[in-house]
Amino acid sequence: MIFITLSAEQARDPETEALGRDHVGYREGMTPAEMYHANHGTWVIGRNRRHERYVLFAFRGEVKLAVEIQRIETIIVRSEGDTRDDRCVIHGRILEPGHRVHDAYVGRPSPLGAGRNPVRYFDSPLDETHACRCGCGQQVAGADFLIGHDHTALHDRVRQIGTVADFLDWFDIVRGNRPVHEPADLNPSASTLR
Ligand SMILES: [Zn+2]
């Protein structure tokens, strides 16, 4: 689960703010929608964490908002000195009372203590896990594979066919694709030379 610590509300210039907002952060009395709008970006989220399913937003030691993540968008933010930076915007659904993640966390003390980084991660018993699809037997939350295990699974299949070229030929035959290259002995210009 992603855990984001909010700052107190701060004004922003919508002309230069990456998402066109005039404020970010938390203010007492905000509705969940206002809180979401002011705080769903722009964050530095680890590449290996972009499949997380839930994010909690906390302010001064209490969880204020829980969101089910539908998509994490990467945008380029220009900051001072025109340096470009990879930032993430979380798109998701605000969880309401009755959802088990909302009820376990919102309005309750933060599951993590104070920390320097606004974006942190923790393993929650409410993260739904299932077996990694590569067959390694390990559990994964919010993704088909553990990081890198998709490549392992794919290359294991390639090896069962032969080389990567063999695999492509096999794949094109199975799919009925037009072959990328004709084998030399089927090439008409080659046969006219015989
Ligand atoms: Zn695996």
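Val 119, leaving aside its neighbours within four places in sequence, is in contact with Ile 2, Phe 3, Ile 4, Trp 43, Val 44 and Ile 45, and the residue itself is placed in strand S7, which covers residues 119–121. In this predicted model, Val 119 has a relative accessibility of 5% and therefore counts as buried, since the cut-off for burial is under 20%. The C-alpha atoms of Val 119 and Leu 56, which are 63 residues apart along the chain, are separated by 10.0 Å.

**Overall architecture**

- The protein contains 5 helices and 9 strands, and along the sequence these elements follow the pattern β-β-β-α-β-β-β-α-β-β-β-α-α-α.
- Among the contacts between residues at least 6 apart in sequence, 48% join residues that are at least 24 apart.
- Helix H4, which runs over residues 164–175 and has 12 residues, reaches 16 Å from its first C-alpha to its last, close to the 16 Å expected at 1.5 Å a residue; just after H4, Gly 176 takes a positive phi of about 75°.

**Nonpolar cores**

- The largest nonpolar core has 20 residues, and those with the most contacts inside it are Ile 2, Ile 4, Trp 43, Ile 45, Val 55, Phe 57 and Ile 90.
- At least two residues of this core are supplied by each of strand S1 (2–5), helix H1 (32–39), strand S4 (54–59), strand S5 (62–78) and strand S6 (84–94), and S5 gives the most, with 4 residues.
- Apart from this core lies another, of 12 residues, which has Phe 3, Ala 58, Val 63 and Val 101 among its members.
- In soluble globular proteins, nonpolar side chains tend to be buried together.
- Trp 43, leaving aside its neighbours within four places in sequence, is in contact with Ile 4, Thr 5, Leu 6, Phe 57, Arg 87, Cys 88, Ile 90, Pro 118 and Val 119.

**Zinc site**

- The zinc ion is coordinated by the SG atoms of Cys 132, Cys 134 and Cys 136 together with ND1 of His 149, at 2.0 to 2.4 Å, and in sequence these donor residues are spaced C-x1-C-x1-C-x12-H.
- Cys 132 lies in the loop between strand S8 (129–131) and strand S9 (139–141), whereas His 149 belongs to helix H3 (residues 149–161), so the pair ties together parts that are 17 residues apart in sequence.
- The site is tetrahedral, with angles of 103 to 115° among its 4 donor atoms; the ideal angle at a metal with four tetrahedral donors is 109.5 degrees.
- Cys 132 counts as buried at 4% relative accessibility, and His 149 also counts as buried, at 17%.

**Backbone geometry to check**

- Most residues other than glycine have a negative phi, and most peptide bonds are trans.
- A cis peptide bond joins Gly 41 and Thr 42, with omega at about -10°, and Thr 42 lies in the loop between H1 and S4.
- Thr 42 counts as buried, at 16% relative accessibility, and, leaving aside its neighbours within four places in sequence, is in contact with Ala 18, Leu 19, Arg 21, Ile 75, Val 77, Arg 87, Cys 88 and Val 89.
- Arg 60, a residue other than glycine, has a positive phi near 45°; this residue is in the loop between S4 and S5 and counts as exposed, at 71% relative accessibility.

**The surroundings of Glu 9**

- Glu 9 is found in the loop between S1 and strand S2 (10–11), where this residue is partly exposed, with a relative accessible area of 31%.
- Leaving aside its neighbours within four places in sequence, Glu 9 is in contact with His 23, Val 24, Gly 25, Tyr 26, Arg 27 and Met 30.

Note on methods
Residues are numbered from 1 along each chain as its sequence is written. This is a predicted model: local features need pLDDT of at least 70, side-chain atom pairs count only at pLDDT 80 or more; totals for chains, interfaces and linings use all residues. Side-chain values use heavy atoms; hydrogens and water are left out. Contact means heavy atoms within 4.5 Å. The expected span of a helix is 1.5 Å times one less than its number of residues. A nonpolar core is a set of buried Ala, Val, Leu, Ile, Met, Phe, Trp, Tyr and Cys residues joined through side-chain atoms within 4.5 Å. Buried means under 20% relative accessible area, exposed over 50%, partly exposed in between (1.4 Å probe, protein chains only). Donors are N, O and S atoms within 2.8 Å of the metal (3.2 Å for Na, K and Ca); water is not among the atoms, so sites may look incomplete. Four donors count as tetrahedral if all angles lie between 85 and 135 degrees; four count as square planar and six as octahedral if opposite donors are over 155 degrees apart and all others between 65 and 115; anything else is irregular.
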